[in-house]
Amino acid sequence: MKRGGDPGYDGWTTELVEECYFTDSEWFTQVLNACFINGFFPENWKTAEVVLIPKEGKDLKDYKSYRSNCLLPVWGKIVDKLIANRLTYFLEENKILKNNQYGFRKYNSTVNVLQGVTEFIGELKALSKVTCMVSLDTENAFNSVRWNNIK
């Protein structure tokens, strides 16, 4: 994880959690494994502190002049990354994902999908066909999904 980032509302930083790991890696691992074994993601690890950052050169009376930044606890970020890594590994190993799934996959980036879309449009254009595209952005979906459904 990136070092030097802002801590969550609990004040813990990546460096502090890293020191916990180096001090007692067995305890650290037990804490995280307990979350998986018990299907438990502490509510306070999902609670964010929202900080509004003013955009440069904008009227500060207008709400659109601010960029929001959610400061999440580091422990929650770690569990989130572990879940994502384990899920990705499981899906890749069991060949569950389709070839046209690009998000969260090694060697399948947005560049690949854009190349495919460009080729598809080019092929249809050559045939004088009309194209239409629908895009779904599920960014930040994990924070809004019910934990019971994930279990």
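Helices H2 and H3 are roughly perpendicular to each other, a label for angles of 65 to 115 degrees. This is a predicted model, where local features need pLDDT of at least 70, side-chain atom pairs count only at pLDDT 80 or more, and totals for chains, interfaces and linings use all residues. Residues are numbered from 1 along each chain as its sequence is written, and side-chain values use heavy atoms, with hydrogens and water left out.

**H2 against H3**
- H2 covers residues 25-38 and H3 covers residues 74-93; they pack at about 65°, with their axes 11 Å apart.
- Helices here are DSSP runs of H or I with at least four residues, numbered from the N terminus; axes are lines fitted to C-alpha atoms over the stretch in contact, and angles run from 0 to 180 degrees between N-to-C directions.
- On the H2 side, the contact (heavy atoms within 4.5 Å) includes Trp-27, Phe-28 and Val-31, while H3 brings in residues including Trp-75, Ile-78 and Arg-86.
- Sorted by class, this contact has 10 nonpolar, one polar and one charged residues.

**H1 against H2**
- H1 and H2 pack at about 115°, and their axes are 5 Å apart.
- Val-17, Cys-20, Tyr-21 and Thr-23 of H1 meet Ser-25, Trp-27 and Phe-28 of H2.
- Those residues split into five nonpolar, two polar and no charged.

**Domains**
- The chain is divided into domain 1 (1-96) and domain 2 (98-129), with bounds from an automatic or database domain assignment.
- Their C-alpha centres lie 32 Å apart.

- pLDDT is the predictor's confidence in each residue, from 0 to 100; the chain averages 86, and 92% of the residues score at least 70.

Terms used
Helix = DSSP H or I, 4+ residues; strand = E, 2+ residues; numbered from the N terminus. Parallel < 35°, antiparallel > 145°, perpendicular 65-115°, else oblique. Nonpolar A, V, L, I, M, F, W, Y, C, P; charged D, E, K, R; others polar.
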